[in-house]
Each structure stands twice: as C-alpha cells, then as structure tokens.
Amino acid sequence: MKALVFHEPGRMEIADRPIGQPGPGEIRVRVLYAGVCGTDRRIFKGTKMVVGPRVIGHEFAGVVDEVGDGVTAWAPGQRVVVYPIVTCGTCHACLGGRKNICLRRRTFGYEIDGGFAEYVMVVAGAVAGGNVVAVPDGVSDIAAAASEPVAAALQGIVRAGVKADDAVLVLGAGPIGIAHVGLSRLYGASRIVVSEPDRARREGALRFGATHVIDPANGPLAEQVRALMGNDGPRIAFVDAGVPALIGEALQSVCKGGRCVIFAGMPTGSRFELDPNAIHYGELDLVGSSGSTPELQAEVLALAASGELDLEAYVSQVLDLDDWPRAFSETANAAGLKVVFGMAQPGR
C-alpha cells in the first residue's frame, strides 16, 4: 500500500508498505479521506515530537475492509471514522469520562500508524474501547473525514459552556477557529467577534457566521473588542492561535465572570504574563481544551446527518497523497479551512 511516512523533522516520503492482516480483535480500514491537521505540520517541522518512522495523520474516514477473529460489531463494507486516542480505560480521566486526557493514551498518527495511508490497522484496544464510529447515511465520506477536528472544536464549546445569546470572541481563524465560529452560532451565540490578521481568513469567518471581524494590527485587542461589544465584553473567548501572548489579551477582553478557553497548542516552553487580580476580582475562568471524545465525534456526525451542520463546508481542497508537499505548505489552509487527502483506489 502507499503510505506517507514521517522519518524526522523535515523528512517525509511516500513509501510502499505491506497492508497487513488484522489480528484477533482488530479491524482493517480502507482509508478514503484523511485531513491534514496543524499538528501534522508541527510534527513535520519538529515542534511536535513524534518518533519516526511513523505514518502520521489522525483525521480519517474509510470503509471496514477486513475484521480479525472475535470482532462481531463490525463487518466489511461499513463506513466508519476512527477516534484517534486509544485509552487505558483505568486512569482517573478515563473513569471520569474524559478519554481525551487519558494518562496512558496512545494516538493514531503519533504512537500508532495513522491515516496517511491507503489502509489503517485499528488495534484491538481501539476496537474494544469504542474508537470506531459508524458514519450515518446521508453523510458523505469527505464530510466524515472532517468530523474529528470539528468534534475537537465541539469539545471547546462544551468546555466554554456556550449558550443562547452569548457573546463570543475567537482569536485566530484557522480551521479550529472557523469551527468555533460555526458551532458557536449553532449553539445560539448572538454575537461572534473574530480577531485574525489575515484578510482571507477574516472573510472566511464572516461566511461561517461571525458578526464582526477585527484586524489585531489595528490596535489593542481589548479596545477593539470593547468598541464593538461595549464595556461588558464577550463572556467567552477561544484562543485558537498558538501565540502565548493572546491568552493575556483574551483575559483582558472578556467580561467579569467570563471564561477563556485555551485550545491552540503552544511551542514547548511557552510562557505568558497573567494579572492575578484580573482573575480574582473578575472571577474569570481560564480553562484548557484538548481533543474530543468518541461520543462528541458521533454527535458531530449526527448533526451533519440531520442537516444542522455542513461538514463539507470545512474542506477547502482535496489533494492526492503524492501532493503532500503542497498540503504541508504554509499557504495550504490560507483561507482557514481543511485540506484533505483523497486516497486513490488501492492495489492489492
């Protein structure tokens, strides 16, 4: 099979790898579409550590191709997505329903070969752990491939507690920022302000439901936000760009009793300045959000099946796996949307 193999920062290559047969409890998935995440680009650059050789890619949709002994819940021909985090099931996070922060997690595309290949072997622990999620009728394969990042954005919505008539600030209009805009609108937010330096991404945010966009180059963020929203400011702020200083700016921009959600991964060793009095007197919440859960990915697919969520709208470009240098370029998701690989029909 054809696979895109990461070896070390700055070095990936297309390789021919054996397809492999599923062992007991495993299933083999034929990949149809696989999304390129910002984290995949960080792996390639070396700012996110993965030990090569490894097939990366954790956002993929496909068809069950073959099942191993003992697998009864799945059969060849079923359309599926695979939640990427394989959990231990026994740590306090797993027992508390927070699989996304499992203490002993393994992840497709990191410790387990992922979706930038014609086939993926879903390990027994993932099959038994509920990682395989059926794609509902009416949801296209390309839409299904976008369900993982949108589910991650939905985790942020849950952590923020977005509700009807909320005012929301989104810092950064990349794929996750755009998803936070669309989901905030779906969950009832009435005012959504997006701060983004790139004009094309600002325009994209407006198409997905932002009520206002601002260019951070035009002045202090908090002042621009107050000019649009009044002195109260937004109740929720999402930090969706990996710039540590934005955290402090977000805290300055939210209203008293507001909540700031750090979604974006930051470079290792990042620091930011915090005014403890702002937290204390304003009773501000500063929370993190990382990944999602199989249940949230299933919820995103259900929203797509019902017509409430257009997952295909988050995909801007479909490339062949051979075009991976273009997919990993700085301008690949310039409009803030998702680039996906469309897999050719694999040879045996």
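Modeller: Keep in mind that this is a predicted model. The crossing of H5 and H6 is right-handed.

Biologist: What makes the crossing of H5 and H6 right-handed?

Modeller: The test is how the near helix is turned from the far one: clockwise counts as right-handed. H5 and H6 cross in that sense.

Biologist: Which residues of H5 and H6 meet?

Modeller: From H5, they include Pro-149, Val-150, Ala-153 and Leu-154. From H6, they include Ile-176, Ala-179, His-180 and Leu-183.

Biologist: How do the residues of this contact divide into nonpolar, polar and charged?

Modeller: Eight are nonpolar, three are polar and none is charged. Gly-156 is in the contact, and Gly counts as polar.

Biologist: What makes a set of residues a nonpolar core?

Modeller: The residues must be buried, of the listed kinds such as Leu and Val, and joined through side-chain atoms within 4.5 Å. The largest such core here has 48 residues. Val-194, Phe-238, Leu-309 and Leu-311 touch the most other members. H5 gives the most to this core, with seven residues.

Biologist: Which residues does Leu-309 touch, leaving out those up to four places away in sequence?

Modeller: Val-150, Leu-183, Val-300, Leu-303, Ala-304 and Tyr-314. Apart from this core lies another, of 43 residues, among them Val-36 and Tyr-119.

Definitions and conventions: Residues are numbered from 1 along each chain as its sequence is written. This is a predicted model: local features need pLDDT of at least 70, side-chain atom pairs count only at pLDDT 80 or more; totals for chains, interfaces and linings use all residues. Side-chain values use heavy atoms; hydrogens and water are left out. Buried means under 20% relative accessible area, exposed over 50%, partly exposed in between (1.4 Å probe, protein chains only). Helices (H or I, at least four residues) and strands (E, at least two) are DSSP runs, numbered from the N terminus. Contact means heavy atoms within 4.5 Å.
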